[in-house]
Structures are given as structure tokens and as C-alpha cells.
Amino acid sequence: MAARLRGRTVEAVERRGKHFLIRFSGRFWAVGHLRMSGNLVWASSGAATPYLRHRIRFAGGRELHFRDARKFGRLWFGPDPEAA
């Protein structure tokens with residue numbers, strides 16, 4: 001997944017119901033649901049984050065961490081389904 005996201009920029013962050021959507025350049029999406037215990041946290045590069053499930057690294061040394069102690073949350077990556 002890292003190779004597919006490398007070099008892309010974030011174009012929009014949206015919410016649809018209980019899902020969050022991050023739109024990247026090139027019609028690529030990350031869609032997630034935090035469920036009961038998940039959260040998103042901005043962190044410094046290499047920061048130790050408890051219950052880290054996914055990490056998206058950005059230029060400039062910042063990272064978006066998807067944390068979930070109970071492993072209920074979900075995160076999907078893929079091309080825009082409406083572009084097919």
C-alpha cells in the first residue's frame with residue numbers, strides 16, 4: 001500500500017455517516033470506520049503510539065495514526081469506485 005500512496009497529496013477529507021473518507025490525488029481513497037474505540041491522531045514521525053493499527057506518513061515528518069485498542073475499527077484503501 002505504501003507504494004500506491006507514495007507521492008500522492010490529500011485533496012479532501014470528508015465524512016459520510018459514521019465513515020471518514022480521505023481522497024488522495026489520482027482518484028485514490030482511504031475509507032475508515034472508527035467503531036467503538038478507534039481514533040485518528042497526528043503524530044511526529046516515528047512516535048510511539050499505543051494500539052497503532054495503521055500509519056500514513058506525510059512529507060515534513062508528520063504521520064496520521066489510526067489507533068484502535070479493541071481492533072473493531074476498519075480502514076480500506078483503493079481506487080475511487082465511481083471512477084470505474
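**Figure 1. Lining of the largest pocket, by residue class.** Sorted by class, the lining has nine nonpolar, three polar and four charged residues. The classes work like this: Ala, Val, Leu, Ile, Met, Phe, Trp, Tyr, Cys and Pro are nonpolar, Asp, Glu, Lys and Arg are charged, and the others, Gly among them, are polar. This is a predicted model, where local features need pLDDT of at least 70 and side-chain atom pairs count only at pLDDT 80 or more, while totals for chains, interfaces and linings use all residues. Residues are numbered from 1 along each chain as its sequence is written, and side-chain values use heavy atoms, with hydrogens and water left out. The largest pocket takes in about 430 Å³ of space. Of its 16 lining residues, Ala2, Leu5, Arg6, Ile56 and Arg57 are the closest to the centre. Elements giving two or more residues to this lining are α1 and β5, and β5 gives the most, with four. Helices (H or I, at least four residues) and strands (E, at least two) are DSSP runs, numbered from the N terminus. A pocket is an open set of points on a 1 Å grid over the protein atoms alone, with protein on both sides within 12 Å along at least five of seven lines; a cavity is a set where a 1.4 Å probe fits but cannot get out, and lining residues have an atom within 4 Å of a point. Points are joined across faces, edges and corners, and a volume is the space filled by probe spheres set on them.

Figure 2. The structure holds one cavity of 30 Å³ or more, and the largest cavity has a volume of about 50 Å³. Its lining is made up of Phe20, Ile22, Leu40, His54, Ile56, Leu64, His65, Phe66 and Leu75. By class that gives seven nonpolar, two polar and no charged residues. Strands β2 (19-24), β5 (52-57) and β6 (62-68) each put in at least two lining residues, with the largest share, three residues, coming from β6.

**Figure 3. The largest nonpolar core.** Ten is the tally here: the core has 10 residues, namely Leu5, Phe20, Ile22, Phe24, Phe28, Ala30, Ile56, Leu64, Phe66 and Leu75. At least two core residues come from each of β2, β3 (28-33) and β6, and β2 gives the most, with three. A nonpolar core is a set of buried Ala, Val, Leu, Ile, Met, Phe, Trp, Tyr and Cys residues joined through side-chain atoms within 4.5 Å. Buried means under 20% relative accessible area, exposed over 50%, and partly exposed in between (1.4 Å probe, protein chains only).

**Figure 4. Two aromatic pairs.** The structure holds two aromatic pairs. Phe20 and Phe66 make a tilted one, 6.4 Å centre to centre with 55° between the planes. Phe20 sits in strand β2 and Phe66 in strand β6, so this pair ties together parts 46 residues apart in sequence. Both Phe20 and Phe66 are buried. Trp42 and Phe58 form a tilted pair too, at 5.4 Å centre to centre and 50° between the planes. Trp42 belongs to strand β4 (residues 38-44) and Phe58 to the loop between β5 and β6, so the parts tied together here are 16 residues apart in sequence. Phe58 is partly exposed, at a relative accessible area of 26%. Rings of Phe, Tyr and Trp (its six-membered ring) pair if their centres lie within 6.5 Å; planes under 30 degrees apart are stacked, over 60 edge-to-face, and the rest tilted.

Figure 5. Arg4 is in helix α1 (residues 2-5) and counts as partly exposed, with 43% relative accessibility. Neighbours within four places in sequence aside, Arg4 is in contact (heavy atoms within 4.5 Å) with Phe28 and Pro79.

**Figure 6. Two residues with positive phi.** Most residues other than glycine have a negative phi. Arg35, not a glycine, has a positive phi of about 55°. Arg35 is in the loop between β3 and β4 and is partly exposed, at 44% relative accessible area. Tyr51 also has a positive phi, about 60°, and lies in the loop between β4 and β5.
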